[in-house]
Amino acid sequence: SCKFMNVKKVLKGLEILPDKEEARHLKNETDNFLEVLKRRILKSKIDADVFVGGSYAKGTAAKSEEYDVDIFIRFDWKYEDLSGELENILKIVSKEMNCQIKKLHGSRDYFRIEKSEKLTFEIIPVLRIKKVHEGRNVTDLSYFHVSYVRKRAKGEIKKEIALAKIFCKAQGVYGAESYINGFSGYGLECLIIHYKSFEKMLREIVKVKERFVIDTEKRYKKKNDVFIELNESKIHSPVILIDPTWKERNVLAALNWETFRKFQSA
């Protein structure tokens, strides 16, 4: 318990969330960018709206040297080439703001604008959907993820989430990309909402020897139903974390045993 007290002390001294100065700077820069972006969308008469997502919008961003703010452009169904439409808008916006725009390839192409050394905007085209199962792409679900986390992660929990992100980044197990196969930001948010604290999550997860299911919002009557209802490709991960906003999705589907063991031993 002596060791444990020291851990508590260390954590108390850590700056886990952005300080007031940084938070204000982020907000001003983001608001400014959003204003230019929204004005451009209005002018181009495109049926789309803008919403801010990611850690920034949920208040779960960890203190960092540099910040990413995710901005989603929700397009009406009538548009086929969402990335193309967005690129046309951003070309003008980046000229107006005197910034470089970079195209990145994902399940749908998205864009990065580096506002400064400290701040990068990622602008992601999505479909405006009313129900989760209408999504054609995992990014279409972001809107629902943001509202879920904002509703469930209040006060101290935000700090616990930021701490989990800092830890996972430091251990090289943060990110669902195929070269990491780790924990996504949303995955960690859901885990901390489930366990209520970073420490409780660690204590529980260290013990895990075989695949187990976390279903915080009790989307399934019995845990075993998960193995029957979800298709094979979604249940390989050590932790099957049922997406609180959509029961047919395992939030940690990308996590593999190798990364999970690395996390456990750390």
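This is a predicted model: local features need pLDDT of at least 70, side-chain atom pairs count only at pLDDT 80 or more; totals for chains, interfaces and linings use all residues.

Let me start with Lys12, which is found in helix 1. Helices here are DSSP runs of H or I with at least four residues, strands are runs of E with at least two, and both are numbered from the N terminus. Residues are numbered from 1 along each chain as its sequence is written, and side-chain values use heavy atoms, with hydrogens and water left out.

Is Lys12 buried or exposed? Lys12 counts as exposed because its relative accessibility is 73%; the term exposed means over 50% relative accessible area, buried means under 20%, and partly exposed lies in between, with a 1.4 Å probe and protein chains only. The C-alpha atom of Lys12 is separated by 13 Å from that of Glu199, although the two residues are 187 apart along the chain.

Helix 1 spans residues 2-13 and also holds Val10. Together with Leu11 and Leu14, Val10 forms a nonpolar patch on the surface, with about 230 Å² of accessible area in total. For such a patch, residues need over 30% relative accessible area and no salt bridge, and nonpolar side chains (Val, Leu, Ile, Met, Phe, Trp, Tyr) are joined within 5 Å, like charges within 9 Å. A salt bridge is a side-chain nitrogen of Lys or Arg within 4 Å of a carboxyl oxygen of Asp or Glu. The areas come from the Shrake-Rupley method with a 1.4 Å probe, and for residues only the protein chains shown count as cover.

I turn now to helix 7, residues 185-195, where 10 of the 11 residues are buried. Among them are Tyr186, Leu188, Glu189 and Cys190. Cys190 counts as buried because its relative accessibility is 2%. Just after this helix, Lys196 takes a positive phi of about 75 degrees.

How many disulfides does the whole structure contain? The search finds zero, a disulfide being a pair of cysteine sulfur atoms within 2.5 Å. For Cys190, the nearest cysteine sulfur is that of Cys168, 14 Å away.

Three strands form an open, mixed sheet in the order 6-7-8, where pairing requires at least two DSSP bridges between strands. Strand 6 (212-214) and strand 8 (246-250) are the edges, each pairing on one side only. Strand 6 runs parallel to strand 7 (residues 239-243), joined by three bridges, and Phe212 stands opposite Val239 in strand 7.
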